[in-house]
Amino acid sequence: MDRAVKRDRRQAFTPLNTTPFWSTAAEPHRFPRLDRDLQVEIVVVGAGITGLTTAYLLVLGGHSVAVFDRGRVAERDSGHTSAHLTMVSDRRLSSLVRSWGRDRARSVWDAGLTAIERIESIVRAEQIDCDFQYVPGYLHAVDGDAERDGGPKAFEDEASLAIDLGFDAAFVNDMPFIGGPAAAFERQGRLHVSRYLSGLARAIVERGGRIFEHSEIEGAEAKPRSVRVNGKTVSCDRVVLATHMPIVGLASKSDTARLQSKLAPYTSYVVAGRIGKGEVPDALFWDTADPYHYCRIQPASSHDVMIFGGEDHKTGQASHTAGCLKRLEETAAGLVPGIDITHRWSGQVIETPDGLPYIGEITPCQFTATGFSGNGLTFGTLSGMMAVDWIEGKANEWRSLFDPGRRVTSGGAWIYLKENADYPLYRVRDWLQEKARSVDAVQPGEGQILEYRGTKAAAFRDDQGVLSILSAACTHMGCLVAWNDTERTWDCPCHGSRFDTNGRVLAGPATEPLSPLDQSE
Ligand SMILES: Cc1cc2nc3c(=O)[nH]c(=O)nc-3n(C[C@H](O)[C@H](O)[C@H](O)COP(=O)(O)OP(=O)(O)OC[C@H]3O[C@@H](n4cnc5c(N)ncnc54)[C@H](O)[C@@H]3O)c2cc1C
Ligand code: FES
């Protein structure tokens with residue numbers, strides 16, 4: 001059938017704009033694509049908060065550095081965050097103490113505080129106009145309902161434990177905004193993340209560092225040490241992987257696969273909307289729902305913007321992702337009935353079996369930083385500080401705690417097995433399922449997995465009616481990708497790789513695109 005005829009009888013879906021609030025409110029810097037061979041001391045892969053902080057601290061220390069990103073600066077998860085700066089980890093302090101003991105639990109929270117202070121000092125030193133502000137944070141009951149989650153005592157215990165470990169905390173019986181009991185924590189922070197990262201990028205270049213966009217690391221050699229970028233060779237002494245999900249780089253494929261198998265990417269959703277000035281206090285809020293909701297404001301001159309997130313699920317495992325955003329909007333409107341939602345977006349957080357990030361040397365001359373859970377702005381900043389100590393051969397108090405080579409704890413072993421059961425399950429289940437629909441059934445703006453010429457295909461029809469048909473086999477380890485109707489991406493349910501509708505990799509661990517299938521008649 002002629003495509004033009006198909007187009008006539010189809011009703012196009014109105015695509016949801018999923019541009020994060022941060023990118024519409026900041027003017028990004030642009031950087032060149034690498035087009036020649038280069039020699040530097042340190043290659044940093046990834047220009048999110050982890051890579052940019054690392055590069056900034058390295059150039060301050062007089063090192064020669066080049067940052068490479070396959071897309072644009074701060075375009076991926078660092079640009080999709082809600083930008084709470086906090087020591088309060090996703091895993092409760094009481095749970096950290098049970099798993100790790102008091103000293104190491106204190107050290108995890110100290111890492112957050114240290115990172116917030118470092119961000120503040122960078123903002124001041126570089127005069128970055130990013131609305132950095134110290135604010136309190138509240139861990140509170142869902143809807144302020146005192147009888148849920150163990151009643152007020154649960155919050156009282158959490159606050160007492162924090163005080164006992166030396167943190168500035170208090171129990172609040174009737175907290176502002178939500179009401180009900182909460183554990184309150186002083187000297188947490190918030191900022192405008194794109195403006196901060198843009199300021200960091202500017203400072204790197206002003207101090208002689210190099211940043212390259214649209215410059216993907218395609219491979220690496222140990223001898224002589226180098227990486228391949230856009231077909232060019234970059235010789236270097238060391239590599240820092242700041243790719244959120246680690247790529248192979250200088251490590252062996254098996255070591256990388258072992259680390260990747262300990263990482264579970266979850267998709268988290270955010271909505272932002274205008275509210276009246278002062279309607280929500282300038283603070284950070286997290287409830288105890290599972291998955292939990294998080295909330296803060298970003299002040300503007302005539303109004304405030306409420307930034308509200310949650311609805312997390314394992315990447316690639318929700319069948320109707322637009323529903324997650326709809327529920328989130330409804331919950332936000334329940335809290336502030338007049339909210340005028342202007343932005344909706346999602347991104348990935350990466351969980352580990354024991355709740356702590358992996359930051360450190362994974363193979364000689366290569367450092368990696370990942371598994372930040374919902375604390376990636378602070379752990380990403382700390383990673384930069386740790387990477388500099390690693391390069392300069394200095395001791396670092398978090399080295400053994402966050403060592404990527406540490407063993408999975410007995411408590412984490414069950415989570416490790418549960419998360420990894422997805423691989424064999426989805427690998428077999430989806431390939432066996434019969435989905436023998438014709439590509440004609442795919443509506444404009446829609447993606448479907450279907451049987452096409454004897455294989456599983458990922459078919460997408462754009463708003464003009466043009467069809468793209470790709471192999472549905474994820475190029476990481478062969479699971480079938482799933483359609484994400486909010487972001488219009490193909491997401492893998494096994495280890496969270498994401499691809500755009502042309503098959504290009506948006507997020508690893510996959511590094512190769514989905515292959516196009518032959519559409520000739
Ligand atoms: C919805 C949401 C809300 C969040 N809220 C918070 C919060 O309130 N507070 C908090 O602390 N954290 C939060 N997080 C987590 C935090 O945003 C992330 O953990 C953090 O931004 C990760 O930073 P990163 O620099 O390590 O990774 P990214 O920002 O993802 O950067 C990695 C970069 O590496 C690049 N890359 C990958 N592979 C290659 C390659 N082969 N070659 C070249 N470049 C490559 C990518 O293009 C990307 O730009 C949130 C995350 C999400 C999604
Ligand atoms: S099979 Fe591992 S991400 Fe797809």
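The selection holds 37 residues, and T50, D69, S78, H84 and L377 come nearest. This is a predicted model, in which local features need pLDDT of at least 70 and side-chain atom pairs count only at pLDDT 80 or more, while totals for chains, interfaces and linings use all residues. Residues are numbered from 1 along each chain as its sequence is written, chains are lettered from A and ligands numbered from 1 in the order in which they are written, and side-chain values use heavy atoms, with hydrogens and water left out.

Now show the polar contacts of the ligand (pairs of N or O atoms within 3.5 Å; within protein, one must be able to donate a hydrogen and the other to accept it, and residues adjacent in sequence count only if both atoms are side-chain atoms). S78 places a polar side-chain atom 2.6 Å from an oxygen atom of ligand 1. On its own, ligand 1 has 1000 Å² of accessible area (Shrake-Rupley method, 1.4 Å probe), and the protein covers 97% of that.

Colour the shell by element next (helices are DSSP runs of H or I with at least four residues, strands are runs of E with at least two, numbered from the N terminus). Those giving two or more residues are α3 (49–60), β13 (264–275), β17 (340–351) and α10 (376–391). Coloured by class instead, the shell shows 13 nonpolar, 19 polar and five charged residues (Ala, Val, Leu, Ile, Met, Phe, Trp, Tyr, Cys and Pro count as nonpolar, Asp, Glu, Lys and Arg as charged, and the others, Gly among them, as polar).

Stay with β13 and β17, which run antiparallel and are joined by 11 bridges. Find G273, and opposite it in β17 you will see I341. In β17, nine of the 12 residues are buried (under 20% relative accessible area; exposed is over 50%, partly exposed in between, with a 1.4 Å probe and protein chains only).

E206 belongs to helix α7 (residues 193–206) and counts as exposed, at 53% relative accessibility.

Where does the open sheet of six strands run? Follow the order β8-β3-β2-β12-β19-β18, with mixed pairing (two strands pair if DSSP finds at least two bridges between them). β8 (210–212) and β18 (358–363) stand at the edges with a single partner strand each, so one side of each has no neighbour in the sheet. Strand β3 (residues 65–68) runs parallel to β8 and is joined to it by three bridges; pick A66 and its bridge partner R210 to see one of them. Across the sheet, select Q366 in strand β19 (residues 366–370), which is buried at 0% relative accessible area. A polar atom of the Q366 side chain lies 3.2 Å from the backbone oxygen of V248.

Finish with some backbone details:

- K223 to P224 is a cis peptide bond, with omega near -15°; P224 sits in the loop between β9 (217–221) and β10 (226–229).
- D290 to P291 is also cis, with omega near 0°.
- A74, not a glycine, has a positive phi near 55°.

Methods
Near = heavy atom within 4 Å.
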